[in-house]
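Subject: Structure handover

Hello,

My notes on what turned up follow below it.

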Amino acid sequence: MSRPPSLSWSLQRSNRSSLTPLGCALSDRQADYAPLSIFTEPYDSNGYYLLVLAPEPGNKDADSWEIEICRWEPDDPDDEECGSATGQPLIRCELPASPTAARLADLLDTVERQADLLAEWAESPVGATLDGTDLVVTRGRDN
């Protein structure tokens, strides 16, 4: 009986206190893995949520950390009970360097304390800085 491939993620705190994905250790030759992400959907956020996406190890085209503001959209707009929904990215901020653990914790704490910020930030145009942060919108609804 063969075992399915196992995956382990490790994060290292460098001397600059930034989080750096070290990669995946696989017990077999092949495995699928999901990129590391952090999801938060504060209570009373009206369907908005924040997603932090780490770069995928070995993917040269995805080498930066990203912050996305997304919103759940009903799969059937006519369904009054909203039986199912799909998350839609509204804006994205690509970070020029790996964030520190403290920076991520501050961002997540701010969003949890002020859920209405997500709706406000979601309206920000490309090039704008999200209020109260140093995050710059690099991709919006139109691109």
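Strand 4 and strand 5 pair antiparallel through six bridges. Pairing here requires at least two DSSP bridges between two strands. Strands are DSSP runs of E with at least two residues, helices are runs of H or I with at least four, and both are numbered from the N terminus. One of the bridges sets Y49 against C70 in strand 5.

Before the rest, the ground rules. This is a predicted model, so local features need pLDDT of at least 70 and side-chain atom pairs count only at pLDDT 80 or more, while totals for chains, interfaces and linings use all residues. Residues are numbered from 1 along each chain as its sequence is written, and side-chain values use heavy atoms, with hydrogens and water left out.

Four strands make up an open sheet, ordered 3-4-5-6, with antiparallel pairing. Strand 3 and strand 6 (85-94) are the edges, each pairing on one side only. On average, neighbouring strands are turned by 25 degrees against each other, direction ignored. Axes are lines fitted to C-alpha atoms, for helices over the stretch in contact; angles between N-to-C directions run from 0 to 180 degrees.

Strand 3 is joined to strand 4 by four bridges, again antiparallel. S37 has L53 as its bridge partner in strand 4. Helix 1 (residues 101-113) packs on the sheet and touches strand 3, strand 4 and strand 5 (66-74). Its direction makes about 20 degrees with that of strand 3. Contact means heavy atoms within 4.5 Å. I38 stands opposite V52 of strand 4.

Strand 4 is largely enclosed by the rest of the structure, because five of its six residues are buried. Buried means under 20% relative accessible area, exposed over 50%, and partly exposed in between (1.4 Å probe, protein chains only).

Y48 sits in strand 4. Y48 is buried, since its relative accessible area is 7%. Its C-alpha lies 4.2 Å from that of R71, 23 residues away along the chain. Beyond four places in sequence, Y48 touches residues including E41, I69, L90, L118 and A122.

What does the side chain of S45 meet at 2.8 Å? A polar atom of that side chain lies 2.8 Å from the backbone oxygen of Y48. S45 itself is in the loop between strand 3 (37-40) and strand 4 (48-53). S45 counts as buried because its relative accessibility is 6%.

Aromatics

Rings of Phe, Tyr and Trp (its six-membered ring) pair if their centres lie within 6.5 Å; planes under 30 degrees apart are stacked, over 60 edge-to-face, and the rest tilted. There are two aromatic pairs by this rule. F39 and Y49 form a tilted one, at 5.0 Å centre to centre and 45 degrees between the planes. F39 is in strand 3 and Y49 in strand 4, 10 residues apart. F39 is partly exposed at 43% relative accessibility, whereas Y49 is buried at 7%. F39, Y49 and W72 form one aromatic cluster.

The core

A nonpolar core is a set of buried Ala, Val, Leu, Ile, Met, Phe, Trp, Tyr and Cys residues joined through side-chain atoms within 4.5 Å. The largest has 22 residues, of which L50, I67, I69 and W121 touch the most other members. Strand 4, strand 5, strand 6, helix 1 and helix 2 (116-122) each supply at least two residues. Outside four places in sequence, W121 contacts L50, I69, I91, L107, V111, L130, D131 and T133.

Best regards

Conventions
A polar contact is a pair of N or O atoms within 3.5 Å; within protein, one must be able to donate a hydrogen and the other to accept it, and residues adjacent in sequence count only if both atoms are side-chain atoms.
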